[in-house]
Amino acid sequence: MAAAQDINIDGYRAGEEIAGLLIEQGHRRFGYMKGPDTQSSHLLRMEGYRDRLITSGFQLDRVLTAGHYDRQRGFQLMSEYLQATPESERVEALFCENDVLALGALEALRQVTPSSAMAVVGFDDIDEAGSANWALTSYSQRIDRLVEEALNRLLDNRTTADGAWRHGELRVRRSHLGEKQA
């Protein structure tokens, strides 16, 4: 039996793109919210984000670990962070490992510190991210391209090693601007 082949976007590159967007907005203190705390990262998003920050003269100032990909956990973690950290010491921009965590973080910003500003970017571009209520800037994995590559491999035995399917797309909305939530 042939070994299974992964069909994943270049998460490292996605992390770099998100860092670049946040740097362009003028943010200077950066955070990352992740789900489970694993020893080996299969996502590479955080590494690309961190490395782009470093090569641009910044650092990853804070990593928040939710433990699960759960909106309520993202809300709780961000609420705790906001309550425990003076506004002058908080990160200005937060990249969340997925949109579920990002929506929880945005909800906490609205409820706990509505007069504060923090940029938030998610990953996956779920339907709710595009709603006017959230306007979450998010990285789309372009599932349509991933499915096309999978079908090409299954049906035609044809692989495009570094095709368009390896590159997602940043969906820029408003949340990356760091506007006050009130």
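Q: Which residue is the bridge partner of Ser140 in E6?
A: In E6, Ser140 has Glu169 as its bridge partner. Strands are DSSP runs of E with at least two residues; helices are runs of H or I with at least four; both are numbered from the N terminus. Strands pair if DSSP finds at least two bridges between them. E5 and E6 have three bridges and run antiparallel.

Q: What kind of model is this, and how are its residues numbered?
A: It is a predicted model: local features need pLDDT of at least 70, side-chain atom pairs count only at pLDDT 80 or more, and totals for chains, interfaces and linings use all residues. Numbering runs from 1 along each chain as its sequence is written, and side-chain values use heavy atoms, with hydrogens and water left out.

Q: How many helices and strands are there?
A: There are five helices and six strands. Along the sequence they follow the pattern α-β-α-β-α-β-α-β-β-α-β.

Q: Where do the side chains of a regular strand point?
A: They alternate between the two faces of the sheet. Take E1, residues 30-34. Phe30, Tyr32 and Lys34 lie on one side, Gly31 and Met33 on the other, and all are buried. Buried means under 20% relative accessible area, exposed means over 50%, and partly exposed lies in between (1.4 Å probe, protein chains only). Five of the five residues of E1 are buried, so the rest of the structure largely encloses this strand.

Q: Which strands pair with E1, and in what sense?
A: E2 (residues 60-65) pairs with E1 in the parallel sense over five bridges. E3 (residues 93-96) also pairs with E1 in the parallel sense, over four bridges. Tyr32 stands opposite Val63 in E2. Met33 has Cys96 as its bridge partner in E3.

Q: How is a pair of aromatic rings described?
A: By the distance of the centres and the angle of the planes. Rings of Phe, Tyr and Trp (its six-membered ring) pair if their centres lie within 6.5 Å; planes under 30 degrees apart are stacked, over 60 edge-to-face, and the rest tilted. The whole structure has six aromatic pairs. Tyr49 and Phe95 form an edge-to-face pair, 5.2 Å centre to centre with 65 degrees between the planes. This pair links distant parts of the chain: Tyr49 is in helix H2 (residues 45-55) and Phe95 in E3, 46 residues apart. Both Tyr49 and Phe95 are buried.

Q: Which ring does Phe95 also pair with in E4?
A: The ring of Phe123. That pair is tilted, at 6.4 Å centre to centre and 40 degrees between the planes. Phe123 is in E4 (residues 119-123), 28 residues from Phe95. Phe123 counts as buried because its relative accessibility is 0%. Ring pairs link Tyr32, Tyr49, Phe95, Phe123 and Tyr139 into a cluster.

Q: Which charged residue sits over the ring of Phe123?
A: Arg45, with its charged end 3.6 Å from the ring centre. The test asks for NZ of Lys or CZ of Arg within 6 Å of the ring centre and within 35 degrees of the ring normal.

Q: How far does H1 reach, and what covers its buried residues?
A: The expected span of a helix is 1.5 Å times one less than its number of residues. H1 (residues 11-24) has 14 residues and reaches 20 Å from first C-alpha to last, close to the 20 Å expected. Its buried residues include Ala14, Ile18, Leu21 and Leu22. Their cover includes E1, H2, E3, E4, E5 and E6. Just after H1, Gly26 has a positive phi of about 95 degrees.

Q: Is Thr85 buried or exposed?
A: Thr85 is buried, with a relative accessible area of 11%. It lies in the loop between H3 (71-84) and E3.

Notes: Contact = heavy atoms within 4.5 Å.
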